[in-house]
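Please keep the sequence and the model in view while reading.

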Amino acid sequence: MLPSTSPANAAVPYGERLDWFRALRTWLEPVERESVRGVVIDDARRVLLGRFVHPITGEIWWATVGGGVDAGESDEQALRRELREEAGLVDFELGPQVHARAHTFCWNRTIYHQRERFYLARVESHEPAPTIDLVPEGLTEVRWWTPAELVEAHEELVPAELPELVRRLAP
């Protein structure tokens, strides 16, 4: 890629402009990230979701609880950690992987290409009680949703297939 030849940039030495473009290219290359999420369903057939608000755009969406897999963690270890942190959930039956998706997004001045694996987790009942400060995560609320609420949702659900997925998993 060649630096700009615009007269507006003429006062900036060529080498410095070249460094700018190299830095820009580095920033534009997505960081690969592995993630796990729990499709947590209770005995009342409700699913546990978190409300996220993007700190820059203000975009709002509801998603299953979970997050990044740290180096050396298995999917199960990461999911158990995330569910404990974001919902205070420690006693649950972990089931199989039930969904997967990949997507690219910008967060905290970094572009991520994230591969998410969704696992079924069953609980009798649970009152969400996060054990960490959720603000840095962009998470503003964690609550149970009924199947009817999923179908009637006015805000974005992630993944988009969530109502159908819950319908199949909690007949």
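Helices and strands are here DSSP runs, numbered from the N terminus, where a helix is a run of H or I with at least four residues and a strand a run of E with at least two. The model is a predicted one, in which local features need pLDDT of at least 70 and side-chain atom pairs count only at pLDDT 80 or more, while totals for chains, interfaces and linings use all residues. Residues are numbered from 1 along each chain as its sequence is written, and side-chain values use heavy atoms, with hydrogens and water left out.

Two strands are said to pair if DSSP finds at least two bridges between them. The strands β4 and β5 run antiparallel and are joined by twelve bridges. Within this pairing, T104 has H113 of β5 as its bridge partner, and A102 stands opposite R115 in β5. Two residues lie between the strands of the β4 and β5 hairpin, where N108 takes a positive phi near 55°. V40 stands opposite A121 in β5. In a regular strand, the side chains alternate between the two faces of the sheet.

Rolling a probe the size of a water molecule over the atoms shows where empty space is left. On a 1 Å grid over the protein atoms alone, a pocket is an open set of points with protein on both sides within 12 Å along at least five of seven lines, whereas a cavity is a set of points where a 1.4 Å probe fits but cannot get out; lining residues have an atom within 4 Å of a point. Grid points are joined across faces, edges and corners, and a volume is the space filled by probe spheres set on the points. The volume of the largest pocket is about 610 Å³. Its lining holds 28 residues, and R33, F52, W61, F105 and Q114 are those nearest the centre. At least two lining residues come from each of β1 (31–41), β3 (60–68), α2 (75–87), β4 (93–107), β5 (110–122) and β7 (156–158). By type, the lining of the largest pocket consists of eleven nonpolar, six polar and eleven charged residues. In this division, Ala, Val, Leu, Ile, Met, Phe, Trp, Tyr, Cys and Pro count as nonpolar, Asp, Glu, Lys and Arg as charged, and the others, Gly among them, as polar.

Which residues are hidden from the surroundings can be described by relative accessible area: under 20% is buried, over 50% exposed, and anything in between partly exposed (1.4 Å probe, protein chains only). T64 belongs to strand β3 and counts as buried because its relative accessibility is 0%. Contact means heavy atoms within 4.5 Å. Apart from neighbours within four places in sequence, T64 is in contact with R37, G38, V39, L48, L49, F118, V158 and L162.

A87 is buried because its relative accessibility is 0%. The contacts of A87, leaving aside neighbours within four places in sequence, include L48, H126, P128 and V142. From A87 to V65, 22 residues away in sequence, the C-alpha to C-alpha distance is 7.7 Å. R81 is buried because its relative accessibility is 13%. A polar contact is a pair of N or O atoms within 3.5 Å; within protein, one must be able to donate a hydrogen and the other to accept it, and residues adjacent in sequence count only if both atoms are side-chain atoms. The side chains of R81 and E82 form such a polar contact at 2.9 Å. Beyond neighbours within four places in sequence, R81 is in contact with G68, D70 and E73.

The loops complete the tour. D91 lies in the loop between α2 and β4 and is exposed because its relative accessibility is 66%. The C-alpha atoms of D91 and V123 are 7.3 Å apart, with 32 residues separating them along the chain. R45, in the loop between β1 and β2 (47–53), has a phi near 70°, a positive value in a residue other than glycine. With a relative accessible area of 37%, R45 is therefore partly exposed. Finally, P159 lies in the loop between β7 and α4 (162–169), and the peptide bond leading from V158 to P159 is cis, with omega near 0°.
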